[in-house]
Every structure is written in C-alpha cells, then in structure tokens.
Amino acid sequence: MTTGRGIVVRSCGMAVPDKILTNDDLAATLDTSDTWIAERTGIRERHIGGTTSSLAAQAGRQALERAGLGPEDIDALVLATTTPDALVPATASTVQQLLGLRNVGALNINAACSGFIFGLVVSAGLAATGTDRILLVGADTLSRITDWDDRTIAVLVGDGAGAVVIEAVEGPGNLLSHNLQADGSLRHLLSCDLGGYLYMNGKEIFRSAVRVVVESAEHALRDAGLGVDDIAMFVPHQANLRIIQAACQRLGIPEDKTAVVIDRYGNTSSASIPLALDDVVSTGRVRDGDLVLFSGFGGGMSWASAVLRWGA
Ligand code: UT7
C-alpha cells in the first residue's frame with residue numbers, strides 16, 4: 001500500500017463507429033425534423049454501431065500509442081459504461097483481452113453519464129494505493145438500448161468511447177479536486193430495465209441538470225481554491241447544447257473556453273466527456289499545464305465535477 005501519491009494524465013484517445021446517422025436520416029422514419037433536433041438539442045449527427053468493448057479497446061489503443069506506451073505498461077483498467085456487452089463477464093475483461101494487457105485488475109463502473117469523472121476518482125484511489133499506470137475508458141453504445149421508434153430518445157443518442165492514460169506520481173499530482181454525488185430518489189427520471197429500452201423524463205432532467213452542474217462545478221472550483229477565470233477549458237457532459245449554454249452562462253464561462261462536440265456525436269453517456277476532452281486536446285485548445293474543469297450528470301441521478309491540470 002502506498003499513500004501520498006496523486007495522478008497525472010499522460011494522453012487521451014477516442015473512437016466512434018464509422019456509420020453516421022444524420023438528423024435527416026432520422027426524420028425519414030420518425031415524426032421529427034433536422035430543425036427540431038438541431039434547435040432543441042444542438043445535435044446534427046451521431047455515430048452508431050460497434051460494441052462497447054470494441055470501441056473501448058480502439059480508444060484505449062490510441063491513448064496508449066499517444067503516451068508512447070505498450071499494453072505491458074498498464075497496471076489496471078477502469079471502464080466506465082452504462083451499456084456493457086453482457087452482464088457477466090465485466091466488459092472490462094473483454095477490453096483487457098482485446099488490448100493484450102497483462103492479467104491486471106479490470107473493472108466496470110456505472111455512474112451513467114457521470115461515469116468518466118467517477119472513473120477518474122476511482123483511478124486516483126487506485127494510484128494512491130499502489131497502482132502505477134491505469135487505463136481509464138468511458139465507452140457506451142446507447143443505440144443498443146434505444147427504441148428507434150421513440151422520437152423522444154432516438155434523436156439524442158450516439159455511440160463512442162474516450163480513454164486516458166493515468167500515471168501515479170509522488171505528491172498531490174494534477175487532480176486538484178473532485179465532487180461526486182448521487183440521489184437515488186430521482187432514479188425514475190432516467191432508467192432502463194434489464195433487457196428494456198431507455199426511458200427519460202427530458203424536461204425534469206433538463207431542470208435538474210443545469211442546477212447540479214453549476215453547483216458541483218462551483219464546489220470543485222472552491223475545493224481547488226480556484227476561481228472560474230483560472231480555468232482554461234470547461235469540458236461538460238454533452239447531453240443538450242442548451243443545458244451546456246445555460247450552465248456556462250450561470251458559471252460565467254465563455255463559449256471559447258467550453259468543449260462542445262454534441263453536434264457531431266450526440267449524447268454518448270460515459271464517452272461524452274472523454275470524447276469532448278480528446279477534441280480540445282487534439283486541436284491544441286488545451287495544452288500542458290492548463291486547468292480543465294469537468295462536469296457531468298446523468299441517470300441515478302448522478303452528477304460529478306473535477307478540476308484537473310492537463311499533462312504529465
Ligand atoms: O444524458 C443525461 C440525460 N439526458 C438529458 O440531459 C436530456 C435533458 N433534456 C433535454 O435535452 C430536452 O428536454 C429534450 C431534448 C429531451 C426535449 O426538449 P424540450 O425542449 O424539453 O422539448 P419538450 O419535451 O418540451 O417537447 C416540446 C414539443 C412537444 O410537442 P408539443 O407538446 O409542444 O406539441 C413534444 O411532443 O416537441 C415534441 N417533441 C418532438 N418533436 C419533434 C418531442 N420530441 C420530439 C422530436 N421531434 N424528436
């Protein structure tokens with residue numbers, strides 16, 4: 001057991017299926033329109049297909065390559081997902097095999113769309129207790145639990161994965177603060193029974209989402225001893241552009257400091273934050289040393305925020 005260790009994030013990676021479904025494609029079979037979807041959600045297209053394990057492995061491989069590491073260098077795998085390939089075995093085991101990792105600990109965690117931030121904190125706990133390098137992946141294939149005849153859900157979802165390579169360091173490291181929360185009394189707002197389809201009370205979630213994102217982001221900033229102006233990039237969960245805009249307005253975060261990929265990917269649940277992170281890192285909008293604020297919310301309800309200094 002090792003204590004007094006923090007984490008740094010060395011690299012990120014992403015994967016989405018090849019198949020693109022546009023709003024017009026959906027409007028061909030559903031009573032909806034490109035205008036309605038774009039105006040109400042900000043989504044223009046999404047990628048659909050693959051399995052959670054295959055997308056997770058693809059994103060993980062890219063993160064490893066970018067860190068200049070091989071599968072033998074990883075000491076644990078954490079997979080945040082709401083849509084495992086099967087109930088048993090844990091999809092993390094499949095990803096461990098697909099990536100050719102050693103027989104390291106591999107586990108799934110499910111905190112719905114907040115999963116990546118929960119995974120970041122779980123990874124920090126593993127690092128603090130002796131694990132040197134962790135591959136953290138957020139991956140989901142919501143398309144597999146979507147009723148494609150239900151326009152209230154079908155227009156929102158997409159599939160994808162995002163990954164980061166995390167390394168333990170002596171001292172406090174770069175995860176400066178975090179705030180994880182859940183309220184099971186709100187579980188009826190967003191649910192999916194075993195073998196069933198996603199159900200969502202969109203209006204109620206919208207109301208709660210803006211409030212909890214703002215509160216938890218402020219909480220994480222306060223715990224890190226930072227003000228909103230210290231943040232170089234806000235990376236929120238991508239559920240609805242209007243939720244992102246409302247939260248940014250209340251937090252006082254300008255548009256050019258906010259990661260937005262919902263137009264291209266839709267709501268990809270656990271993959272949404274790492275996909276948005278990969279976008280701002282790979283386009284040079286986030287550089288080593290920059291402070292990044294993450295905030296997510298989803299089924300549970302769960303919500304979470306964290307402040308991370310980017311880079312190793
Ligand atoms: O990942 C975390 C969890 N999910 C979320 O964060 C989602 C949060 N909620 C939302 O993003 C929004 O509430 C939605 C995008 C789901 C819905 O947008 P809204 O502005 O809240 O629309 P609404 O539910 O109030 O519906 C407005 C109208 C209704 O028609 P009437 O009653 O005004 O005639 C709906 O029947 O839009 C209708 N409608 C649609 N029309 C075209 C609902 N879905 C659609 C659709 N296409 N896909």
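This is a predicted model: local features need pLDDT of at least 70, side-chain atom pairs count only at pLDDT 80 or more; totals for chains, interfaces and linings use all residues.
**Figure 1. Close-up of the contact between the two domains.** The protein is divided into domain 1, which spans residues 5–170, and domain 2, which spans residues 175–309, and the centres of the two domains, taken over C-alpha atoms, are separated by 15 Å. Domain 1 contributes 50 residues to the contact, while domain 2 contributes 43 residues. Between them the domains bury about 3,600 Å², and 69% of this area is on carbon and sulfur atoms. Cys 113, Ile 117 and Ile 145 together supply 18% of the area that domain 1 buries against domain 2, which is more than any other three residues supply.

**Figure 2. Close-up of the polar pairs across the domain contact and of the elements on the side of domain 1.** Between domain 1 and domain 2 there is 1 salt bridge, and 15 residue pairs are in polar contact, with both residues at pLDDT 80 or more. On the side of domain 1 that touches domain 2, the elements that give two or more residues include strand E1 (5–15), helix H2 (34–41), helix H3 (52–67), helix H5 (115–128) and strand E7 (159–173). Sorted by class, this side of domain 1 holds 27 nonpolar, 14 polar and 9 charged residues.

**Figure 3. Close-up of two salt bridges.** Side chains of opposite charge can pair when their charged atoms come close. A search of the whole structure returns 10 salt bridges, and among the pairs shown here is that of Arg 5 with Asp 132, whose side chains meet at 3.1 Å, N to O. This pair links distant parts of the chain, since Arg 5 belongs to strand E1 whereas Asp 132 sits in the loop between H5 and E6, 127 residues apart.

**Figure 4. Close-up of backbone features in three loops.** The peptide bond that runs from Val 88 to Pro 89 is cis, with omega near 0°, and Pro 89 is located in the loop between strand E4 (76–80) and helix H4 (91–99). A cis peptide bond also joins Gly 300 and Met 301, where omega is about -15°; Met 301 is found in the loop that lies between strand E12 (291–298) and strand E13 (302–309). Ala 112, although not a glycine, has a positive phi of about 50°, and Ala 112 lies in the loop between strand E5 (105–109) and H5.

Methods
Residues are numbered from 1 along each chain as its sequence is written. Side-chain values use heavy atoms; hydrogens and water are left out. Domain bounds come from an automatic or database domain assignment. Contact means heavy atoms within 4.5 Å. Buried area is the accessible area (1.4 Å probe) that two parts lose on being put together, summed over both. A salt bridge is a side-chain nitrogen of Lys or Arg within 4 Å of a carboxyl oxygen of Asp or Glu. A polar contact is a pair of N or O atoms within 3.5 Å; within protein, one must be able to donate a hydrogen and the other to accept it, and residues adjacent in sequence count only if both atoms are side-chain atoms. Helices (H or I, at least four residues) and strands (E, at least two) are DSSP runs, numbered from the N terminus. Ala, Val, Leu, Ile, Met, Phe, Trp, Tyr, Cys and Pro count as nonpolar, Asp, Glu, Lys and Arg as charged, and the others, Gly among them, as polar.
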